Amino acid sequence: MSYILDALKRAESERERGSIPGLHTQQVLPGAPGTAAASAGQAYLLPAVGIVVVILGAIGLYLFAPVSLRLNVHGPQAAAPATTPLPAPQISALTAVPDSVRVPEAASTPPAEPGSSGRKAADTAETRAAARRARDDAPPVPKAPEPRIYSVAELPDTVRLELPRLVVGGSSYSTNPALRMLMINGQMYQEKDQPAPNLQLEQIRQGSAVLKYKGYRYKITY
């Protein structure tokens, strides 16, 4: 770069000296050897300077130009290859299917005979009727006999002597056992209550009550 600037400076100084001769400027005769050499140097210097200026301008343009312009200088970008979608695989109807993949065919159900549903309904009704007749004809299951209900006088002497003393003050009878009540020794009791130790009020009746003491059932009236 310094050589180019020096050359430009020399050319400028020589041009100034050639245009305005001074007092001490030596006159060169045409045809002299020095004149021919100088003319030849000037003839080669000017094209060289022009080439250098063009190269410098191209370098500056490349360095300071936008990126898009530099890319266009190198040539158009290669277009991206278009992707062609692959065709969907088609299954031919004639393709053989392995035996392991085949769906088993539904077993053919023989057609129902006409009137079979009516016969089945009749058989079911007859079966139910026969079961009902057998249940009605069966003898009743005998119930276990209830333990005997004694009167106080029928109890053994040892048990009768141990009975707690009971004083009935009133009663309330209802068809609903939960509403039946009996007042004994000034307190209200319901069925299954225990008015005294080892004594249970089993049942409250109209005008009487059944109690149980040590396994013996006996009845009192009021």
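How many helices and strands does the secondary structure of the protein chain comprise? The chain comes to 5 helices and 7 strands. Helices here are DSSP runs of H or I with at least four residues, strands are runs of E with at least two, and both are numbered from the N terminus. Along the sequence the pattern reads α-α-α-α-β-α-β-β-β-β-β-β. The model is predicted: local features need pLDDT of at least 70, side-chain atom pairs count only at pLDDT 80 or more, and totals for chains, interfaces and linings use all residues. Residues are numbered from 1 along each chain as its sequence is written, and side-chain values use heavy atoms, with hydrogens and water left out.

The protein chain has 222 residues, of which 14% are buried. Buried means under 20% relative accessible area, exposed means over 50%, and partly exposed lies in between (1.4 Å probe, protein chains only). The accessible surface comes to about 18500 Å². Carbon and sulfur atoms account for 61% of that surface. Areas come from the Shrake-Rupley method with a 1.4 Å probe, and for residues only the protein chains shown count as cover. Contacts (heavy atoms within 4.5 Å) were also sorted by sequence separation. Among those between residues at least 6 apart in sequence, 32% join residues at least 24 apart.

Four strands form an open sheet in the order β1-β7-β6-β5. The pairing is mixed. Strands β1 (149-151) and β5 (199-204) are the edges, each pairing on one side only. The twist averages 35 degrees from one strand to the next. Two strands pair if DSSP finds at least two bridges between them. Angles run from 0 to 180 degrees between N-to-C directions, with axes as lines fitted to C-alpha atoms (for helices, over the stretch in contact).

The pairings can be taken in sheet order. β1 and β7 (residues 216-221) are parallel, with 3 bridges. Ile-149 has Arg-217 of β7 as its bridge partner. β7 and β6 are antiparallel, with 6 bridges. Here Val-210 stands opposite Lys-219, and Leu-211 stands opposite Tyr-218. β6 (residues 208-213) is joined to β5 by 5 bridges, again antiparallel. Gln-200 has Lys-212 of β6 as its partner. Strand β6 is largely enclosed by the rest of the structure, because 5 of its 6 residues are buried.

Two hairpins connect these strands. The hairpin of β5 and β6 has 3 residues between the strands, and Gly-207 takes a positive phi near 80 degrees. The hairpin of β6 and β7 has 2 residues between the strands, and Lys-214 takes a positive phi near 50 degrees. Most residues other than glycine have a negative phi. Two further non-glycine exceptions are found in the loop between β4 (187-189) and β5: Lys-192 and Asn-198. Phi is about 75 degrees at Lys-192 and near 65 degrees at Asn-198. Lys-192 counts as exposed, at 54% relative accessibility. Asn-198 is likewise exposed, at 52%.

The largest nonpolar core has 15 residues. Such a core is a set of buried Ala, Val, Leu, Ile, Met, Phe, Trp, Tyr and Cys residues joined through side-chain atoms within 4.5 Å. The members that touch the most others are Leu-182, Leu-199, Leu-201, Ala-209, Leu-211, Tyr-213 and Tyr-218. Strands β3 (181-184), β5, β6 and β7 each supply at least two residues of this core. Nonpolar side chains tend to be buried together in soluble globular proteins. Beyond its neighbours within four places in sequence, Leu-211 is in contact with Leu-166, Leu-199, Gln-200, Leu-201, Glu-202, Tyr-216, Arg-217, Tyr-218 and Ile-220.

Glu-202 is a charged residue of interest in strand β5. Glu-202 is buried, with a relative accessible area of 15%. The side chains of Glu-202 and Arg-217 are joined by a polar contact of 2.9 Å. A polar contact is a pair of N or O atoms within 3.5 Å; within protein, one must be able to donate a hydrogen and the other to accept it, and residues adjacent in sequence count only if both atoms are side-chain atoms. Leaving aside neighbours within four places in sequence, Glu-202 is in contact with Glu-191, Lys-192, Val-210, Leu-211, Lys-212 and Arg-217. Of these, Arg-217 is also the bridge partner of Ile-149.
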